[in-house]
Amino acid sequence: MDEEEAKFVGRLIARDETAFNELVVLFERRVFSLVLRMLGRQADAEEVTQDVFIQVFRNVESFRGDSKLSTWIFRIGINLCKNRMNYDARRQSRRHDDLGDYEESDALQGGDGVSVGAVARPDHAAEERQLIEVVREALETLDPEHRQLVILRDVEDLAYEEIAEVTGLNIGTVKSRIHRGRSQLREKVERLMLQRKVRKAEP
Amino acid sequence: MSEDSEREAERPQSQPGEGEAPQASVDAVASAPAGEDMDAAPFDEVDVRDLLRRALDGEPKGDSGSVLANVQRRLRDESKGQYFADGWATAPTPRETYLITAAVMFALLVAAWFLLGPYGIHRVEAAVRAR
């Protein structure tokens, strides 16, 4: 934690409301993006994002400065997402996919193959959209532990060390779980693509 | 290790049978001990990462809502008004209001001094005597 950040944290601990406003404005998009990607539902993401900042306000005294402030905030976000996912799992709530709200990347091009390697080289716009849907669907069905790690690494672009700090896992475990998450995701994408292909081929 | 070299390390060395379901590789991964460095993975995980990035890349379109206003309201409610007690915390610092208030108070003091100060009293007494 650098000197400037330490001063800022000091203001937060002193319950400086202006500092807290600055904090929310500074981090709200990043926290919201992470939470939405983790939960996949807009309404839940909005609520959990607010919860993150309320937790920060309540517990900022417990921030020891061992990590960056952003890492600490991310950790709170991850924990709240986990809690929410566990709660949802218990209630067996049906997932409504708001991930369709993501901007569709121009770079994404669909494919006509079943394998991940093949679908990465696309031909048609409809297949592009189908591929996006399939990847998101596959991600949704990935178990929460692997999903959070894969998102942090491959979408949020956090370094392994940062992920280890955020999740409290050691780096080796982080790497192996990310690897497993990716392989599970790949299998799911391939299976879903195959299912769609078969469905399409049926008269 | 830098981020780039880290990413490079994750790139598979060769891609035999690329495009086929990598069941054998997945099995090998599943049985690998936790903590083992998986960067030299035998199958193409780069494709998975690229797919994921393409599918989820960019900021979500959805609005994060009025996060600040909602958080302030919730903190105000929870703290029973101790924090974010009024609109002042959310508005820019109202310096003009303070300046106007100070000017009005100063004017009141001056007026009071003229009315009730030594000169003012003498004037009143003189006026009474004159009657």
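Mentor: The model is a predicted one, and pLDDT is the predictor's own confidence in each residue, on a scale from 0 to 100.

The rest of chain B supplies the context. Its mean pLDDT is 64, and 49% of its residues reach 70 or more. Among the elements of the chain, helix H2 (residues 23–30) of chain B has the lowest mean pLDDT, at 35, whereas H5(B) has the highest, at 90. Chain B holds six helices and zero strands, and its elements, read from the N terminus, run α-α-α-α-α-α. Of its 131 residues, 28% are buried. Where contacts in chain B join residues at least 6 apart in sequence, 47% of them link residues at least 24 apart. The accessible surface of chain B comes to about 8,700 Å², and carbon and sulfur atoms account for 59% of that area.

Helix H5 of chain B, with its mean pLDDT of 90, also contributes to a surface feature. B:Phe106, B:Val110, B:Trp113, B:Phe114 and B:Tyr119 form a nonpolar patch on the surface, and together they have about 570 Å² of accessible area. Helix H5 (residues 95–116) of chain B gives the most to this patch, namely four residues. B:Val110 is classed as partly exposed because its relative accessible area is 32%, which falls between the limits of 20% and 50%. As a general point, an α-helix has 3.6 residues a turn, so residues three or four places apart point the same way.

Chain A may be described in the same terms. It has nine helices and zero strands, and from the N terminus its elements run α-α-α-α-α-α-α-α-α. Buried residues make up 56% of its 203 residues. Of the contacts in chain A with a separation of 6 or more, 64% are between residues 24 or more positions apart. Its accessible surface is about 9,200 Å², of which 46% belongs to carbon and sulfur atoms.

A:Phe27, in helix H2 (residues 17–39) of chain A, counts as buried because its relative accessible area of 9% is under 20%. Leaving out residues up to four places away in sequence, A:Phe27 touches A:Phe53, A:Ser70 and A:Ile73. A:Ser70 is 43 residues from A:Phe27 in sequence, yet their C-alpha atoms are 8.0 Å apart. A:Arg84 lies in helix H4 (residues 69–91) of chain A and is likewise buried, with a relative accessible area of 15%. Beyond its neighbours within four places in sequence, A:Arg84 is in contact with A:Leu39, A:Asp44, A:Glu47, A:Val48 and A:Asp51. A:Arg84 and A:Leu39 are 45 residues apart in sequence, and 8.2 Å separates their C-alpha atoms.

Note on methods. Residues are numbered from 1 along each chain as its sequence is written. Chains are lettered from A and ligands numbered from 1 in the order in which they are written. This is a predicted model: local features need pLDDT of at least 70, side-chain atom pairs count only at pLDDT 80 or more; totals for chains, interfaces and linings use all residues. Side-chain values use heavy atoms; hydrogens and water are left out. Patches are made of residues with over 30% relative accessible area and no salt bridge: like charges are joined within 9 Å, nonpolar side chains (Val, Leu, Ile, Met, Phe, Trp, Tyr) within 5 Å. Accessible areas come from the Shrake-Rupley method with a 1.4 Å probe; for residues, only the protein chains shown count as cover. A salt bridge is a side-chain nitrogen of Lys or Arg within 4 Å of a carboxyl oxygen of Asp or Glu. Helices (H or I, at least four residues) and strands (E, at least two) are DSSP runs, numbered from the N terminus. Buried means under 20% relative accessible area, exposed over 50%, partly exposed in between (1.4 Å probe, protein chains only). Contact means heavy atoms within 4.5 Å.
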